[in-house]
Amino acid sequence: MKSAPPTTRVMVSLGLAATALVGCGSPDTGDPPRPPGAAEVDSTQRMVRLLEAALPSGTVSEQRGQGTEKSPASPPSAALSFEKDGRRSEVDVTLYRWAAPVPQFTLQCPDTAYSPYSQCTESKLSGGAVLVLDQSPENDSDPSGAVVFTARLTYKDGKQVVVRQSGVRPAGAAASVGAPGPLTRKHLSTIAASDGWKAVLSRMPEPPAEPRTSADAMTGTQMAATIASLTPSNLHVSEQGSSDGFGHAVVDDGHGKSLVGVNVQQWDRDDPRMRKIFGTAETLADGTRVRVDKSPSRYGGSGAVVWTVDTFRTDGFRVVVQALNARAFKLPASRDEPALGIPQLRGMALSGAWRRTEG
């Protein structure tokens, strides 16, 4: 759905370095002594011990992780296999620091336009911290299969703890379908809120300040509302949603649901990337370039197609409107074509409403 904006949206990666721990110590095993005056280092061993200490009683194995020994700027992490009451899963934790104001996407549940099977809640805690608890399939093409449980705790100052449980399966079994994990959502929340992470987070380097968004920029919520206001009256609008720089809504004409989404961007009018994208596009009388595309959805989904109208004004103002013949990406088509045709998408993209900031 989204074309690349000038500032690429950051996606949180929970990947862990494959640093295996041989003979990893128990929580009461100390790290090697530091020479006097040496900088504080949060080692791989320490990260794993903190994770072990935050877990309920059970059996741990295959400990691994990444400390700050080699790269203080890399997010420290730990992972292990955890078994309790005949159930086993993989558990990992990663620590981040975000510049204030904290990016909105780190405080929200996954966008339903791209995570149609997510079951998620958001809670604001005392002190301004936000806790997001999510349950999503490990593989969106197999929504009834194994799931990933995530607890993401973000403090007001941008410090963040992300805990995941995946690979849920009965001990000794190959499949995990229908098997409850050894850790509940409450367990994951408790692990994320463990005091042990606070010292590590406080020693992580301060992130550089993010450039402030123009006051004239439209928010994702405003974009979703504008889609609704521009949708023909014969279509029912539901399930509005948004994320950084992106707004969407689901529309239905009685013949199946259809996702409509928009990006509103500001570029340098002479940016070479825009010249390449719009090099053969139609040029209107006022100089606006208009590019139209119909293609299969790059996110998959049997029979899913995306229709796009991409517009670029002479001052660098860009509006991209797309429609999908399903209610979300990664889903099979629920209708032959999107609910909005190219002429309707074109009229929506060329509307002056996208420069409005109120609402």
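User: Which residues form one aromatic cluster here?

Analyst: Tyr-114, Phe-246, Tyr-299 and Phe-329 do. Keep in mind that this is a predicted model.

User: How many aromatic pairs does the structure hold?

Analyst: It holds 7 of them. One of these pairs is Trp-98 with Phe-105.

User: What makes Trp-98 and Phe-105 an aromatic pair, and why is the pair called edge-to-face?

Analyst: Two numbers settle it. The ring centres are 5.7 Å apart, and the cut-off for a pair is within 6.5 Å. The planes make 85 degrees with each other, and over 60 counts as edge-to-face. So the label follows from the definition.

User: Why is Trp-98 called buried?

Analyst: Its relative accessibility is 13%, and buried means under 20%, so Trp-98 counts as buried.

User: How do you know that the charged end of Lys-294 sits over the ring of Trp-307?

Analyst: The charged end of Lys-294 is 4.1 Å from the centre of that ring, and the distance cut-off is within 6 Å. There's an angle test as well, within 35 degrees of the ring normal; the contact is listed as sitting over the ring. Arg-355 does likewise with Phe-317, with its charged end 4.1 Å from the ring centre.

User: What makes strand E13 and strand E14 a pair?

Analyst: Residues 289-296 (E13) and 305-312 (E14) are joined over 8 bridges, in the antiparallel sense. Pairing takes at least two bridges, so they qualify. Within this pairing, Arg-291 stands opposite Asp-310 in E14. Helix H6 (residues 342-349) packs on the sheet, and E13 and E14 are among the strands it touches. The direction of H6 makes about 35 degrees with that of E14.

User: In what order do the 7 strands of the open sheet run?

Analyst: E9-E10-E11-E15-E14-E13-E12, with antiparallel pairing.

User: Why are E9 and E12 called edge strands?

Analyst: Each pairs on one side only.

User: What about strand E3: mostly covered or mostly open?

Analyst: Mostly covered, with 6 of its 8 residues buried. E3 pairs in the antiparallel sense with strand E2 over 6 bridges, and with strand E4 over 8 bridges. In E3, Glu-83 is the bridge partner of Thr-59, while in E4 Val-93 is the bridge partner of Ala-78. The hairpin of E3 and E4 has 2 residues between the strands, and there Asp-85 takes a positive phi near 55 degrees.

Key:
Residues are numbered from 1 along each chain as its sequence is written. This is a predicted model: local features need pLDDT of at least 70, side-chain atom pairs count only at pLDDT 80 or more; totals for chains, interfaces and linings use all residues. Side-chain values use heavy atoms; hydrogens and water are left out. Helices (H or I, at least four residues) and strands (E, at least two) are DSSP runs, numbered from the N terminus. Contact means heavy atoms within 4.5 Å. Axes are lines fitted to C-alpha atoms, for helices over the stretch in contact, and angles run from 0 to 180 degrees between N-to-C directions. Rings of Phe, Tyr and Trp (its six-membered ring) pair if their centres lie within 6.5 Å; planes under 30 degrees apart count as stacked, over 60 as edge-to-face and the rest as tilted. Buried means under 20% relative accessible area, exposed over 50%, partly exposed in between (1.4 Å probe, protein chains only).
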